[in-house]
Amino acid sequence: MDVPEPRGVTGAHESGSPLAIRLACFGLALLIFLLDAATPLDAAVEPLYVVVVVISIALPRKKDTWIIGLACSSLVLVGHFLNWENTSDAPLATRAVSVFVIWSTVLLAVRHKGAEQMFRLAVEGSPSAKILLDDGGRIVLVNAPASRLFGYEREELLGESIEKLVPERHRERHPALRRDFVASPEIRPMGAGRNLFGRRKDGREVPIEIGLNPIRNEGKLYVLSTIFDITERKLAQEALTARNEELRTILYAISHDLREPLRAVESFSDLITERYAPALDAKGQDYLNRVTRGARRMRRMLDDLSALARARQDALSREHLLMTDIVEEALRRLDDKIEQVAAMVSVAGESSLYVNRTWAVHAVTNLLDNALKFARAGISPEIEIAAYEGGLGKGPGIVVRDRGPGISSENTERVFELFQRASGSEIDGTGAGLAIVRTVAERHGGVAGVSARAGGGSEFFLTFGPLTDHGGDSHCE
């Protein structure tokens, strides 16, 4: 893209004093006029006054260039009439051409200045810090947010090397990185995947992100750097990391410290049932059965919570698998339950999936277990497992269709939340299975959801993101 020469885009800090430039322009124009008056220059006066107009480009206002152009063209004509007798053989048209060339230069200069000012205002008006560099890494523009970010006045940075803002430990290798970018310039973030820091005037370092935008003008390359202060984001990430570590500690306590007393409760409940149940009345036996069921449900809940935490945190090594490989393993895990409820399960279609085998099987097992549990009373479950291609741009997956009671539209999202269930406590379960399914889907870059099935029942779908390493969870290996 073409932009104006950036020497005038530093706001109120243009190179040179505007007053000095104005005086130089008018002084030079007067000198040319006196020379023209003493020795009529005729056509030779044109390039001299054009130089004056070009110098005026360095002034901050368009009005200055208009005034200087008017002064120069007036002096050209006055010079002709002062030397009428000496230049009677030179037509006035020669001077008129000179005026035309001067005003053509003025119009080009004003247009150039207008584009330059628009560029300057766009950069200066940006809420983000922006620094413009030449191809040698020298700073030619600094906006106010950049000045505040690094703690320098703009005059302290203009003309300086960008390495002034680079931490000392990185300064030695930074010029080579700049040269690499100049050799192959393209719009891109700087230091993708690395922690970047900028050095403030007081020596403190601030975490930053940088976007680089190459700009060409008149054969020269400039680089516009957009700099974001990510201090607050870093602090939030550190707080989140600390929070996650705390949660992991709590999870460890839940998974290990609570399992032992639960095992004791289950074991002694079984012993009491075996040895002393006949001695208890009906109410006593009911109480004992409730204790046993409660302990076992708590153990399953701890297992599900542990699984959910691992699904959210484990690195996911992925491989290409056929859908049927995943489904067959999930079915083997549920063989006894399928036989117990006399379920009819069919598998239709085939697709290739890019998944972590362990978690893909875990998620599909949860969907199948859910379909087995939520069946209509007195009717054997009918379950269809099929390839799912309507992945909403989130890759292929698997759909599990049942003929159960279905889920109301207001509950289609709630059932995927932890400990939320569409049915009451009469159905055995912990309320964590579908939360695990959605977590597995999202970790793979996919989605999980449910919709009503034609003819009654529900369709639970699970997708696993793209079939390549691109996209998906950042922890995938």
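Which residue in β13 is the bridge partner of Gly 397? The partner is Thr 463, and the sections below show where this pair sits.

## About the model

This is a predicted model, in which local features need pLDDT of at least 70 and side-chain atom pairs count only at pLDDT 80 or more, while totals for chains, interfaces and linings use all residues. Residues are numbered from 1 along each chain as its sequence is written, and side-chain values use heavy atoms, with hydrogens and water left out.

## The overall picture

The protein has 15 helices and 13 strands. These elements are DSSP runs numbered from the N terminus, with helices being H or I of at least four residues and strands being E of at least two. Of its 477 residues, 43% count as buried; buried means under 20% relative accessible area, exposed means over 50%, and partly exposed lies in between (1.4 Å probe, protein chains only).

Contacts here are heavy atoms within 4.5 Å. Among the contacts with a separation of 6 or more, 66% join residues 24 or more positions apart.

## A five-stranded sheet

Let's turn to the sheet. Its 5 strands form an open, mixed sheet in the order β8-β10-β11-β13-β12. Two strands pair if DSSP finds at least two bridges between them. β8 (344–348) and β12 (448–452) are at the edges with a single partner strand each, so one side of each has no neighbour in the sheet. On average, neighbouring strands are turned by 20° against each other, direction ignored.

β8 pairs with β10 (residues 382–388) in the parallel sense over 5 bridges, and Met 344 has Glu 382 of β10 as its bridge partner. The pairing of β10 with β11 is antiparallel, again with 5 bridges, and here Tyr 388 stands opposite Gly 397. β11 also pairs with β13 in the antiparallel sense over 5 bridges.

## Inside the sheet: β11

How many of the 5 residues of β11 are buried? The count is 5 of the 5, so this strand is largely enclosed by the rest of the structure. In a regular strand the side chains alternate between the two faces of the sheet. Both faces of β11 are covered, with Gly 397, Val 399 and Arg 401 buried on one side and Ile 398 and Val 400 on the other.

## Helices to look for

Helix α14 (residues 357–373) lies across β10, β11 (397–401) and β13 (458–463), and runs at about 175° to β13. The axes of α14 and α15 (residues 433–443) come within 9 Å and cross at roughly 145°. Axes are lines fitted to C-alpha atoms, for helices over the stretch in contact, and angles run from 0 to 180 degrees between N-to-C directions. Where the two helices meet, the residues include Trp 359 and Leu 367 of α14, and Ile 436 and Val 440 of α15.

Helix α11 (residues 282–313) has 32 residues, which at 1.5 Å a residue should span 46 Å; its end C-alpha atoms are 47 Å apart, in agreement. The expected span is 1.5 Å times one less than the number of residues. Among the buried residues of α11 are Leu 288, Met 301 and Asp 304.

## A loop residue worth a look

Ala 342 lies in the loop between α13 (335–340) and β8. Most residues other than glycine have a negative phi. The phi of Ala 342, however, is near 55°, a positive value. This residue is partly exposed, with a relative accessible area of 44%.
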